[in-house]
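This report examines the chains of one structural model, from overall make-up to individual residues.

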Amino acid sequence: MSIASGRILVVDDEPQIHRFLAPALQAAGFEPLRAERGEAALRAVAANAPDLVLLDLGLPDMDGHAVLQKLREFSSVPVIILSARDREAEKIAALDAGADDYVEKPFGLGELLARIRTALRHKGQPEVSSQPLEFDGLVIDPASAKAALHGEALTLTRREYELLLLLARNRGRVLTHRQILTALWGPAHTEDVAYLRVYIGQLRKKLGASFSARLSTEPGVGYRLQE
Amino acid sequence: MEKPRPDPDALIASLRQAGRGHLKIFLGAAPGVGKTWAMLDAAHTQQQKGVDVVAGLIETHGRAGTAEKLGELEALPRQPVPYRGQSLEEFDLDAALHRHPQLLLVDELAHTNAPGLRHAKRWQDVQELLEAGINVWSTLNVQHLESLNDQVARITGVRVGETLPDTVLDLADEIELIDLPPAELRTRLEEGHIYRPDVALRALDGFFREGNLGALREIALRRAAQRIDRDVASYMRLSAIPGPWPVAEKVLALVGPDLSAQNVVRHAARLADALRAPLVAFHAEGGDDNTRVQAALDLAVQLGGMAVTVNARDLAQAVLDYAAANNITHIVLGRDAARWRPRRRLTESLTRRATAFTLHLVPLPAAPPPLTAAPRPPRNWEPYVLAGVLLGAVTLGGIAAQSYLPQEAMGLIFTGLIAAMASRSGRNAGLFTAIIGFFLWNFFFLPPLYTFSVSDPQDLVALLVFLLVGLLTGTLAGRVRLEAVSSAARVEALRRISLFGQRFSRAATFSDVLRGAAEEAASMTGAGIVLLQGVNGLEMEVCVPAEAVLDEAAQAAAEWCYSHDMETGIGTTTLPSVPWRFLPLHTNGTVTGVLGGRPKTVPPPPLAQTLVTLAGQAAMALERARLAMQTARAQAQEDSQKLRNALLSSLSHDLRTPLTAIRGAAETLAQSGTALAPAIQADLLTSIIEDTARMTKFLSNIMDMARVEAGGLTVRRERLRLAELVEAAIARIPGAQYTGVNIAPDASHVLADPVLLEQVVVNILDNAMKYAPAGSRVAIQAARRGEKVRLAVSDEGVGIPPGELEAVFDSFFRATRGDRVAPGTGLGLAIAKAFTEAMGGSIMAQSPRLDLPADGLPGTIITVELPAA
């Protein structure tokens with residue numbers, strides 16, 4: 001386990017969560033900060049400029065969604081949502097509003113730390129350059145709009161290519177249906193999840209079984225291309 | 001051209017025939033033509049073909065030939081029925097139903113059953129057999145047909161008592177006319193084939209005169225032909241053969257209280273039959289003799305018509321209005337020969353005004369029919385006695401005061417007496433008073449005294465004027481009285497109807513409605529009962545008075561009413577010997593129960609009508625109550641759905657949070673245990689223990705609540721010492737500070753379940769701790785309030801907003817305010833409430849506390865009230 005570094009703000013009103021997260025994050029090399037309410041969280045972000053925020057959606061003083069919105073007005077710090085499974089709508093709204101990822105309670109510590117590392121890695125490097133993108137045998141060249149897997153060119157339609165590029169640029173992150181649909185088809189088609197399913201299906205077929213295992217479905221939320 | 005489609009009504013009628021038994025009637029013109037013989041003959045042929053034939057009942061009339069003809073046919077034993085000391089041998093319907101042959105022979109379709117049997121008439125037995133799917137052959141003489149009854153009586157001079165509705169003949173799928181020329185019939189009679197010789201001789205001169213037989217034969221032939229005609233017509237309709245159809249005719253029979261009422265109905269029915277037109281029997285209520293009217297209206301219904309009763313002063317106008325509104329084409333009425341009052345001269349009035357209708361005048365019956373006319377109620381002599389006494393008193397008083405009373409004054413006094421008697425006891429009493437008064441005045445007061453002669457011509461005029469005035473006032477006052485009586489009866493009926501309308505609209509629950517219906521029926525008749533379909537068949541629901549019971553026969557009548565959707569019991573033709581009257585209760589078009597009343601007498605028509613209305617309203621109210629119950633159940637389901645949702649959301653938070661903490665702490669310890677400071681390691685372990693405890697408490701709360709919701713809570717009642725119990729509860733809530741535990745001496749013991757009450761107190765204390773800042777204090781007090789002990793737990797916490805004082809006891813109330821208010825399950829107070837109520841106590845919340853300073857936290861008092869012990 002590599003030792004990472006960075007300040008991490010944990011926003012949760014349950015003292016029990018802080019109780020184990022603080023030593024766990026510390027042991028992983030991070031510096032934990034603590035906030036129990038939305039207001040305090042916003043102040044802490046402004047004052048301490050954390051490298052990442054772990055945000056619980058159910059806070060006593062304000063809705064997690066509102067916290068996120070306010071936060072995004074002045075900061076682009078990566079945010080990972082700590083959420084319960086049945087709060088799906090809140091989760092999606094949070095992702096749409098600019099959260100980077102989410103973990104479901106009860107989460108495994110290993111999983112949380114991995115997500116934290118991914119989010120930190122992508123921090124501050126928006127990949128909109130025309131530089132070729134390469135990882136795990138997949139090469140995407142935005143200049144020529146071509147993609148190849150293990151040296152073999154993929155025959156993709158324009159939409160399939162755009163979808164793959166979008167997922168690859170945001171690899172490791174969850175993209176909500178709405179985010180993908182808005183990016184590819186425009187804001188008028190944010191409800192057409194069925195389209196998206198068809199394209200994802202085709203893309204998986206063309207990528208082959210072994211690679212498409214990385215293209216995971218987040219049920220009810222969206223898709224994620226894992227690193 | 002498009003093929004015309006068959007008439008749907010005709011198709012439905014033909015389908016309805018399927019599944020039921022086949023009825024064949026051997027129709028004859030007179031006794032002795034050989035109907036039974038022909039039936040037996042044909043039955044033998046069927047038997048030889050292998051049909052399972054059983055003779056249900058064959059009347060041999062002592063004729064050896066017939067008995068012989070019966071031969072080897074299986075015959076059902078007859079059922080002995082005790083009647084007035086004799087034993088009558090009757091057809092055993094239940095045995096026949098049980099034996100269920102393919103073909104059953106039942107002689108004499110028009111027979112009237114002995115009282116106490118299920119049906120009043122044998123044709124009703126046959127109807128039941130047909131419905132059970134048994135094919136029936138029966139015999140019938142044409143003079144027994146209801147609509148031909150008068151005609152036959154007029155021709156033969158003999159009125160037949162045993163009649164049956166014409167619709168029965170229509171029930172028959174097949175009619176075989178057994179025809180014998182009159183001369184041959186007479187020969188057979190003479191030869192003694194039909195009656196014993198002495199009877200035969202008398203019969204030859206009476207009923208069996210050649211002319212009679214000829215006429216009867218013609219009637220029978222015509223009736224059979226009519227039937228065939230109808231078969232053809234119905235075939236044409238079924239097969240959609242376009243044909244000249246009679247234009248829509250409609251026959252109205254005017255039913256009055258006079259003797260011709262039933263004749264009119266029969267005539268109208270024949271006319272309607274011939275025209276293939278619907279029949280309506282029309283009666284304008286006048287308060288006169290009701291039994292005869294009702295009999296005529298019933299007859300019309302039996303003959304397949306409809307009965308209508310209206311309230312009207314101007315009879316002719318009412319008839320015309322109804323006729324015009326209902327497309328009547330023919331009006332049948334009786335010739336009212338004896339009516340001398342101008343207003344009642346309906347015939348004339350209608351002849352003049354009913355220009356759009358065909359009028360039929362039916363002659364009065366030759367003689368009052370002894371068998372069909374209802375017996376007149378015995379004359380009430382009381383008014384006449386009273387009139388006599390009053391007249392005597394007035395006369396004696398007059399004689400005594402003769403010296404100062406002018407004789408004319410006596411006339412006025414007598415006139416007053418006449419008016420008083422007429423308005424009290426009716427027209428006849430008035431007339432009686434007038435006539436006796438006339439003679440008394442003349443005899444005692446007009447000179448020459450003590451003779452019936454009159455000396456002064458002036459007195460003679462006075463006397464005549466007196467008589468005239470007396471007759472007139474008597475008649476008028478009598479009529480006013482009649483109208484008052486009739487309208488009072490109507491008002492009473494309307495009042496009753498509106499009364500139970502009101503009553504049922506108030507009755508909220510099913511059982512309220514049932515009770516209401518039974519009580520109304522009882523107040524109308526004497527006893528009321530409601531039966532509903534239950535698991536074990538028809539079950540008694542309510543009975544008023546409570547000790548009224550249904551014997552076996554009454555129960556059978558109720559069952560019959562239920563299963564056949566018809567009125568049964570007294571006053572009907574089905575099981576009329578049962579003293580109850582049963583009416584079906586319809587909800588949603590199906591019969592769901594039976595309403596019964598036990599009248600003191602056969603119900604007069606207004607009462608019967610009111611009972612029917614009661615049944616209708618009761619059924620409607622029952623339906624409403626059922627719907628309300630359904631709504632409540634749906635509401636309960638919705639509530640339990642809400643509860644489940646709240647439970648889910650609570651589970652997701654209250655289980656997930658400690659679970660996350662436990663998992664996180666354990667993983668942290670596992671991954672980097674040794675790298676952590678010992679204090680942190682210890683803290684993580686403590687956190688695991690604490691969260692495990694939290695989850696355990698949550699689960700036990702959920703289990704408690706589930707136990708309450710499932711109703712599986714068993715409560716013990718024990719005399720408990722409150723102080724001990726509170727102590728035990730306090731011990732289970734560590735870390736709380738108490739200002740004091742104050743239990744009054746007279747509130748030291750309560751009657752409760754120790755386990756449940758301790759949990760109640762623990763939950764309340766736990767709640768107080770949860771909503772109070774650290775370091776605040778809790779007080780516990782107990783005081784006596786009458787038969788109760790009041791236990792109050794006061795805290796110095798955040799309090800409860802006024803609108804939520806009730807809601808705090810709802811399950812997952814906390815969850816509805818969004819989570820994170822305070823750790824907990826949202827079940828604590830709900831469980832406290834459920835447990836308290838299970839122990840027969842009550843619980844309430846009060847906030848803010850009035851004994852705390854207004855500038856601090858408001859605080860809350862939770863009070864539990866339990867029976868003192």
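Predicted model: local features only at pLDDT ≥ 70, side-chain atom pairs only at ≥ 80, totals over all residues.

In which loop of chain A does A:Pro106 lie? A:Pro106 belongs to the loop between β5 (101-104) and α5 (109-122) of chain A.

**Backbone features**

The peptide bond that leads from A:Lys105 to A:Pro106 is cis, and its omega is near -5 degrees. As a rule, most peptide bonds are trans, and most residues other than glycine have a negative phi. A:Ala49 is not a glycine, yet its phi is positive, near 45 degrees. A:Ala49 is placed in the loop that runs between α2 (38-48) and β3 of chain A. A:Ala49 counts as exposed because it has 11 C-beta neighbours inside 10 Å, and 12 or fewer is the limit for that class.

In chain B, B:His100 likewise has a positive phi, of about 45 degrees, although it is not a glycine. B:His100 is classed as partly exposed because 13 other C-beta atoms lie within 10 Å.

The table sets out the overall figures for each chain.

| Chain | Secondary structure | Residues | Buried | Contacts with separation of 6 or more that join residues at least 24 apart |
|---|---|---|---|---|
| Chain A | 8 helices, 12 strands | 227 residues | 39% | 58% |

**An annotated residue in chain A**

Which residue does the UniProt annotation "modified residue: 4-aspartylphosphate" cover? According to that record, an unreviewed entry, the residue is A:Asp56. A:Asp56 is part of strand β3 (residues 52-56) of chain A.

Is A:Asp56 buried or exposed? It is buried, because 24 other C-beta atoms lie within 10 Å of its own, and a count of 20 or more is what the class requires. When neighbours within four places in sequence are left aside, A:Asp56 is in contact with A:Val11, A:Asp12, A:Asp13, A:Gly64 and A:Leu82.

**A buried glycine in chain B**

B:Gly569 is located in strand β16 (residues 568-569) of chain B. B:Gly569 counts as buried because it has 26 C-beta neighbours inside 10 Å. The C-alpha atom of B:Gly569 is separated by 7.6 Å from that of B:Ala554, although these residues are 15 residues apart along the chain. Residues up to four places away in sequence not being counted, B:Gly569 touches B:Ala557, B:Leu575, B:Pro576, B:Val578, B:Trp580, B:Arg581 and B:Phe582.

**Helix pairs in chain B**

Two pairs of helices in chain B may now be considered. In the pair formed by helix α13 (residues 315-325) and helix α14 (residues 346-353) of chain B, the axes come within 9 Å and cross at roughly 45 degrees. The helices α13(B) and α14(B) are therefore oblique to each other. The crossing of α13(B) with α14(B) is right-handed. On the side of α13(B), the contact is made by B:Leu315, B:Ala316, B:Val319 and B:Leu320, while α14(B) contributes B:Leu346, B:Ser349, B:Leu350 and B:Arg353. By type, the residues of this contact between α13(B) and α14(B) comprise 6 nonpolar, 1 polar and 1 charged.

In the other pair, the axes of helix α15 (residues 382-400) and helix α16 (residues 407-425) of chain B come within 11 Å, with a crossing angle of roughly 165 degrees. This angle makes α15(B) roughly antiparallel to α16(B), because angles over 145 degrees are placed in that class. The crossing of α15(B) with α16(B) is right-handed. The residues of α15(B) that make the contact are B:Pro383, B:Ala387, B:Leu390, B:Leu391, B:Val394 and B:Gly398, and those of α16(B) are B:Met410, B:Ile413, B:Phe414, B:Leu417, B:Met421 and B:Ser425. The contact of α15(B) with α16(B) divides into 10 nonpolar residues, 2 polar and no charged.

Terms used:
Residues numbered from 1 in each chain as written. Chains lettered and ligands numbered in written order. Axes fitted to C-alpha atoms, helices over the stretch in contact; angles between N-to-C directions. Helix = DSSP H or I, 4+ residues; strand = E, 2+ residues; numbered from the N terminus. Parallel < 35°, antiparallel > 145°, perpendicular 65-115°, else oblique. Left-handed = near helix turned anticlockwise from the far one by under 90°. Contact = placed C-beta atoms within 7 Å. Nonpolar A, V, L, I, M, F, W, Y, C, P; charged D, E, K, R; others polar. UniProt positions renumbered as here; feature names shortened; annotations may be inferred.
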